[in-house]
Amino acid sequence: MSRAAIIGGGVIGGGWAARFLLNGWDVAVFDPDPEAARKIGEVLDNARASLPAIYDRPLPPEGSLSFCDSIADAVTGADWVQESVSERLELKHRVYDEIAKSLSDGVFIASSTSGFKASDLAAKGALVVVVHPFNPVYLLPLLEISGAPGLCKKAAEVATSIGMHPLILKTEIDAFIGNRFQEAVWREALWMLKDGIATTEEIDDAIRMGFGLRWAQMGLFETYRIAGGEAGMKSYIEQFGPSLHWPWTKLTDVPDLDAALIARISDQSDAQSGHLTIRELERLRDDNLVAILRALRHSGSGAGGVVTTHETGLATGGEIDGLPVTLRRVVPVTWTDYNGHMNEAAYLELGTWATDGLMQLIGADAAYVASGKSFFTVDTRIRYLDEVHRGEALTVTTLVLEGAGKKMKLFHRVLKADGTICATIETLLLHTDLTTRRACAPEAPVAGALAHLAMAHADFPAEGAGGSVGHRS
Ligand SMILES: NC(=O)c1ccc[n+]([C@@H]2O[C@H](COP(=O)([O-])OP(=O)(O)OC[C@H]3O[C@@H](n4cnc5c(N)ncnc54)[C@H](O)[C@@H]3O)[C@@H](O)[C@H]2O)c1
C-alpha cells in the first residue's frame with residue numbers, strides 16, 4: 001500500500017484522488033475549499049462506476065481517503081505528492097515552500113500544471129516535476145512528464161503502476177505536446193467563429209464526426225501513413241509541401257518541408273508502423289472505428305447519433321421458409337474473442353435483439369414499452385452449432401412456440417449466409433406491467449398478434465427445441 005498526498009482537490013485533484021484510490025493507494029487531500037470533500041466524493045462516485053468497467057480483472061481493493069487540515073498533515077509520510085492548485089505561479093511557489101517542510105526523503109513534488117515549465121516551477125528551489133494529466137484523470141491515460149531525468153523516470157514508473165501512459169518530454173516547452181496541439185486547434189476555431197465561417201456546433205461536428213474518431217485510435221501520423229496508401233509515407237508527405245504556403249489556416253509560421261524533414265517523418269513513421277502493411281493498418285483502423293462507433297451509439301453522441309438515425313431508415317423484416325426474419329446483423333469485431341470466433345455471450349445478444357424484432361412485429365414496440373408494458377425474459381437455452389467469425393452476415397428467423405396469456409415462448413434460428421444454422425436460441429418471456437413489475441396479460445392488440453403467429457407456426461418443425469442442458473439426478 002502506498003500513500004498519495006493531493007494538494008488542491010478541484011477538478012484535477014479530485015480526478016487524481018480517484019485514480020490513486022481505485023488503484024489501491026491511500027489518499028490524503030488538502031484543499032481549503034470547504035466544499036472539497038463533497039466535490040471529491042461526487043467525482044469518486046463517477047470514477048467507481050467507470051474506471052473499473054474498462055478492465056476485465058478487478059482493480060486492487062480501494063485505498064482510504066482522508067481530508068487534512070494542513071499541507072503538512074497531507075504530505076507527511078506520503079510516497080507521492082501531486083500538486084493541483086490553481087494555475088498561478090506565485091501560488092504554486094508558495095505551496096511548494098509549505099510542502100518542502102514535510103516531504104519525506106526521496107519524494108518530490110509532481111505538478112499538474114497545464115503550461116508552466118518544470119524550470120519555472122523549480123525556480124525557487126523546489127524539487128518539482130511536471131506530471132500533466134488530462135481531464136478526467138481517472139479515465140484518460142496520458143501523462144506528460146518533464147523535468148530532471150531521474151525524477152521523470154521515477155514519475156513514469158508510478159504512472160505506469162496506476163494504469164497511465166507516461167510521455168517523457170525530451171525538451172522543455174510551454175504547454176507541452178497535448179496542449180500545444182489543442183491550442184493550435186483552439187486558435188483556428190476562434191478565427192472561424194470570428195470570421196463567421198462556422199458556428200460552435202459546426203466546429204464540434206467537424207471534429208467528432210470525422211478526424212476526431214481517427215485520432216482517437218491512430219493519432220496523426222499513422223492516419224496519414226494509411227492515407228498515403230501503397231505509395232508510402234514519403235511520397236504522401238511530399239504532397240504537403242505546397243499546401244503549407246496556401247491560405248488554408250491562420251497558422252502561417254510553417255516549417256520548411258524540405259528533404260531532411262520529409263526523411264525524418266518517413267523514417268520515424270516506418271519505425272512506428274512499418275511492421276504492419278497498409279491493409280493490416282486499415283483493418284486495425286476499421287475494427288477500432290467499429291468499436292468506437294458502436295460505443296457512441298449507446299448514448300447517441302456525435303457520430304453514434306448519425307448511425308442510429310440512419311439505421312431507423314434501413315429496411316428490416318422479410319420472411320424465410322414462412323418464418324419472420326427478426327434480425328440481420330454483421331458480426332462486429334467486438335463480438336469475437338481470443339479464439340477468433342464469436343463469443344458465446346454474443347449469441348445471447350443476437351437472441352435479445354431477435355426477441356426485440358419479434359416484439360416490434362406484434363406491436364410491443366417502443367411506444368408500447370413507454371406506455372408501461374413489456375416482456376421480461378425468464379429462461380433461455382442456446383445451442384451453439386457452428387463457429388461464426390468477424391464480418392459474417394447472420395440472419396435470425398423466429399418461430400412462436402407459445403403465445404397465450406402472459407407467456408411468450410420463442411425459438412430463434414441463427415442462419416449463416418449459406419443458410420446453415422449456427423445456433424438456436426429458445427427463450428421464454430413473461431408479459432410484465434412495468435409499474436408493478438408483476439406479470440400480467442398483454443393489451444388486446446399485442447395478445448391478438450402474438451396468438452395469430454403462434455397459430456400460424458403451430459405445425460412448423462422446431463428441431464432442437466424443448467431440450468435441456470441436463471440436471472442432477
Ligand atoms: N481543468 C483541466 O482540464 C486541467 C487539465 C490538466 C491540468 N490542469 C491543471 O491542474 C491544476 C488545477 O486545475 P483545476 O482545473 O483542478 O482547478 P480547480 O480550480 O478546479 O481546482 C483548484 C483547487 O485548488 C485549491 N486551492 C487553492 N489554493 C490552494 C492552496 N493554497 N492549497 C491547496 N489547495 C488550494 C482550490 O480550492 C481548488 O479546489 C492547474 O495547475 C491546471 O492548470 C487542469
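**Exercise 1: Strand β1 and its partners**

Work out how β1 and strand β2 (residues 26–30) are arranged and where the chain runs between them.

Solution. Step one: β1 and β2 pair in the parallel sense over five bridges, where pairing requires at least two DSSP bridges between two strands. Strands here are DSSP runs of E with at least two residues, and helices are runs of H or I with at least four, numbered from the N terminus.

Step two: from β1 the chain passes through helix α1 (residues 11–22) to β2, a right-handed β-α-β crossover; right-handed means that, with the strands pointing away from the viewer, the path from the first strand over the helix to the second runs clockwise.

Step three: β1 also pairs with strand β4 (residues 80–83), in the parallel sense over four bridges. Ile6 stands opposite Val29 in β2 and opposite Gln82 in β4.

A note on the model: it is predicted, so local features need pLDDT of at least 70 and side-chain atom pairs pLDDT 80 or more, while totals for chains, interfaces and linings use all residues. Residues are numbered from 1 along each chain as its sequence is written, and side-chain values use heavy atoms, without hydrogens and water.

**Exercise 2: Around the ligand**

Find which atoms lie 2.8 Å and 2.5 Å from an oxygen atom of the ligand.

Solution. Step one: for Ile12, a backbone N or O atom lies at 2.8 Å. Step two: for Glu87, a polar side-chain atom lies at 2.5 Å.

Step three: α4 (89–100) gives the largest share of the shell around the ligand, three residues.

Terms used:
Polar contact = N/O pair within 3.5 Å; in protein donor to acceptor, adjacent residues only side chain to side chain.
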